Amino acid sequence: MTSVANPRQSPRFVCRSYMAVALAPEPPLVDWIADIEQKIRDTGSFLVGPPVVLDLSSVKLSKSAIAHLVAQLEQRGVRVMGVENVDPSQMDAALPPLLRSTKRESADVSVPAPKARETQREKQQQVRETRSAPATLLLDKPVRSGQSIYFPDGDVTVLGSVGSGAELVAGGSIHVYGTLRGRAMAGSNGNARARIFCTKIEAELLAIDGHYLTADLMDMALRDRPVQAWLEGSALKISALD
Amino acid sequence: MAKVVVVTSGKGGVGKTTSTAALGAALAQHGQNVVVVDFDVGLRNLDLVMGAERRVVYDLINVTQGIAKLPQALIRDKRLERLALLPASQTRDKDALTEEGVSRVITSLKQMFDWVICDSPAGIERGATLAMRFADTAIIVTNPEVSSVRDSDRIIGILDAKTVKAERGERVDKHLLISRYDPARAARGEMLSIEDVLEILSTPLLGIIPESEEVLRASNLGSPVTFNNPSSAPARAYLDAARRLMGEEVEMTIPTEKQGFLGKLFGRRAA
């Protein structure tokens, strides 16, 4: 059994996911903004204050149109923290960052009933909430050098080897039924209980919840054997499985 | 229906151009109509290896730009009548290639030949991705050493992402061609073994070409090695590889220094 705690580690990097309200503007924009204003008057705190993401899949907006929309919403107290489903060429540094949603599913959330009247148009508004559910990503081909697999929603299982220079990033655990030669980073969302398993270890780097271990600090006796890695406190431990 | 083959590697200097010429000549010697296309715009070598450097008038870029017609640019081999070459430009660079232009040229070539073999440049950028874009089959040339193997792994991943076939949900048939194999160095553990390379790359083996002075000699004479000296070890290995490419079952010969020690050498592992 081997364990290494690296006392002078560089700053931890962790991937985190947060809940945000997603609004999907629909044309005509002027009417949509008026509806949002109406909704704020009726329900208030639901949209004013919490972080909001704009889903621009239903509209085709230029860079300046996006900036204008964001400004219009900010004026009404809606704080846009990100934008999704827009061509990266339409974005620039002055706009909120472009987000990539990895979750396909979404559930409709019932909007709190307005105290005053409800207009027809309000029914067209879609407020989506991303739900986190346990999931596994199964890859049945080897992961080639240079490929980057990012799956924050759960475990990643690979039926094959992971090439040198490839990386796996999982919110849950990582299972490699083959030789792990690249980088494996489990528990990327802050899950310290995630583990890494592989049938043969030649990894360049292992990390769980931001605590990492590079190849040169791994016990040579474990090379080429099936191993599991887990976190004890802030120390990444590896032991043989056979 | 013509087959489009890309000869690629990721790493430079492993034997792509040599293999393109050798396999092209071998297929032509078997009666197939073959065109070899040089995609290394700006650093062309296929014309030298084929011995056609003094007959280049028009090139791939001229054809994609509509300056010349395809038959004007194609150079027929003087020794093998079924073999032709479409050279690259030496004065331009890879940015002059356009996807639509390449697509048109490949489509026309498919109607004229049985095999369209594309000699890819090294790297993973535009030149290499355009060379592989329209391929049905890929031959990944690898030297049995760590940098070449890792680069080949990378290029295999890119073959499954940036080709038209991959984008359609189909798979490009991939074959591994191990070149510059030195049995003495493999036995001493100075080079990766065949099994190590196959284990890392998980791709079917097309052939093992031994390191040989014959290759350099043929290259300087401007003659593909399979044509220049067909009884030499690399030529025989390329001829076998060409037969496998055509679908024949040919037993794999591991190059050896001495005769009759095949089994022992195959069993040895890198130290």
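Which residues touch the most other members of the largest nonpolar core?

I worked from a predicted model. The largest nonpolar core holds 46 residues, and F39(B), L86(B) and L109(B) touch the most other members. I then looked up which element supplies the largest share of this core: helix 7 of chain B (residues 146-159), with five residues. Apart from this core I found another one, of 35 residues, including V5(B), L23(B), V34(B) and L80(B).

I listed the contacts of F39(B), leaving out residues up to four places away in sequence. Among them are L60(B), L97(B), V102(B), I106(B) and L130(B). The list also includes C118(B), D119(B), S120(B) and P121(B).

I traced an open sheet of eight strands in chain B, in the order 3-4-2-5-1-6-7-8, with mixed pairing. Strand 3 (75-76) and strand 8 (205-210) of chain B are at the edges; each has a single partner strand, so one side of each has no neighbour in the sheet. Further in, I checked strand 2 (residues 34-38) against strand 5 (residues 115-119) of chain B: the two run parallel and are joined by five bridges. For V36(B), the bridge partner in strand 5 of chain B is I117(B).

I noted a nonpolar patch on the surface, formed by L138(A), L159(A) and Y177(A), with about 330 Å² of accessible area together. Nonpolar side chains tend to be buried together in soluble globular proteins. Is L138(A) buried or exposed? L138(A) counts as exposed because its relative accessible area is 56%, and the cut-off for exposed is over 50%. I placed L138(A) in strand 8 of chain A (residues 135-139).

Definitions and conventions: Residues numbered from 1 in each chain as written. Chains lettered and ligands numbered in written order. Predicted model: local features only at pLDDT ≥ 70, side-chain atom pairs only at ≥ 80, totals over all residues. Heavy atoms only, no water. Patch = residues over 30% accessible without salt bridge, like charges linked within 9 Å, V, L, I, M, F, W, Y side chains within 5 Å. Areas by Shrake-Rupley, 256 points an atom, 1.4 Å probe, with all protein chains shown as cover. Salt bridge = Lys/Arg side-chain N within 4 Å of Asp/Glu carboxyl O. Helix = DSSP H or I, 4+ residues; strand = E, 2+ residues; numbered from the N terminus. Buried < 20%, exposed > 50% of the residue type's maximum accessible area, 1.4 Å probe, protein only. Core = buried A, V, L, I, M, F, W, Y, C linked by side-chain atoms within 4.5 Å. Contact = heavy atoms within 4.5 Å. Pairing = 2+ DSSP bridges.
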